[in-house]
Amino acid sequence: MKKILALGLTAVTSTAFAVNLTGAGATFPYPLYSKMFNEWNKISSDDVNYQSIGSGGGQRQILERTVDFGATDGPMNDEDLKKASGKILHIPITLGAVVPTYNLPGVNTQLKFTGKVLADIYLGKIRTWNDPAITKLNAGVTLPPLPITVVRRSDGSGTTFVWVDYLSSVSSEWKSKVGTATTVQWPVGIGGKGNEGVAGIVKSTPGAIGYNELVYALQNKIAYGAVQNKAGQFVVASPKTVTEAAGSKVVPADTRVSLVNSAKGYPISSFTWVLVYADQKYGNRTEAQASALKKMLGWMVTDGQKYAEPLDYAGLPGNAATRAKAIIASITYDGKALK
């Protein structure tokens, strides 16, 4: 027997037979995905097991076809997509911000950073908090002569991809020496695993600077800075300023777009994507599994969006939502459209 549950504009079919789905990848959207998958279980009875292992792991596992879906904050490049045994789709689910987090005892004013200063800190060129390059941006703030402890990710990470993509866009030296990837050869710093690991090190280390998805900074009560955008404005990350950054970019048909160094809004913003195969017939997958995955994804980009802003993510803007729905509609099983 089937029961139809109407949710806003989305009709969701709950079958008598629950389906188990597995996913792995980005830590960036993990707080939101945890909420979404819990709510989806209430609606559909389907269980979703999502492992927050970093975007590099999510990309690897979808290539190996060991999960129903991967998750990444950095889009897969053309070279990696060619390694797949089928066409992989990028479905944008939400947007978030990567913020410079820091631990400076006695400093209660929110600090300002430019892209050049952040790049020079992560290149090891700026080594103390009272360096003139930092004090010039923060007039009236007494900064201690404390050594800067640079903290970065130790695992393959979409949060890293967004961070270094931004640094590459504002610093030619960073672009030539380090570049953009989910894993890079860091000039300096100590590593933490996941957004959780970086947040933990920054919180426990006076003088530390790191980079975290905004939710992790808020949840861990870690100070984070305002960052200068391309128009010269110092912007604090929020769902509103992330949406402004996304609105300034054209979203291509495959949705693989960088939002960093925008002229509007917060300049270290990004979509985060779910990765699935365009055709779901492979291995021992059943049509029921494929159909359950498609329904869940459709719900995530429609009714599920209401959970984004309360958790400090930005909901999909209209252009991205339209692209996401079209991509989900194109998913097939053995070449045939899925209901």
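This is a predicted model: local features need pLDDT of at least 70, side-chain atom pairs count only at pLDDT 80 or more; totals for chains, interfaces and linings use all residues.
1. Start with strand β6, residues 88-102. Of its 15 residues, 15 are buried, so the rest of the structure largely encloses this strand.

2. β6 has several pairing partners. With strand β14 (residues 269-277) it pairs antiparallel over nine bridges. There, I88 sits opposite Y277 of β14. With strand β10 (residues 208-213) the sense is again antiparallel, over five bridges. V99 has N212 of β10 as its bridge partner. Strand β11 (residues 223-224) also runs antiparallel to β6, joined by two bridges. T101 faces Y224 in β11.

3. The whole structure holds twelve salt bridges. One of them links R285 to D68, with the closest N and O atoms 2.0 Å apart. R285 lies in the loop between β14 and α11 (287-300), and D68 in the loop between α2 (55-64) and β5 (69-72), so the pair ties together parts 217 residues apart in sequence. Both R285 and D68 are buried.

4. K83 and D80 form another salt bridge, 3.0 Å from N to O. K83 is exposed, at 54% relative accessible area. D80 counts as buried, at 18%.

5. K125 and E173 also form a salt bridge, their closest N and O atoms 2.9 Å apart. K125 lies in the loop between α4 (115-122) and α5 (132-135), while E173 is in helix α7 (residues 172-177), so this pair connects parts 48 residues apart in sequence. K125 is partly exposed, at 46% relative accessibility. E173 is partly exposed too, at 22%. Shared partners join K116, D120, K125, E173 and K177 into one salt-bridge network.

Technical notes: Residues are numbered from 1 along each chain as its sequence is written. Side-chain values use heavy atoms; hydrogens and water are left out. Buried means under 20% relative accessible area, exposed over 50%, partly exposed in between (1.4 Å probe, protein chains only). Helices (H or I, at least four residues) and strands (E, at least two) are DSSP runs, numbered from the N terminus. Two strands pair if DSSP finds at least two bridges between them. A salt bridge is a side-chain nitrogen of Lys or Arg within 4 Å of a carboxyl oxygen of Asp or Glu.
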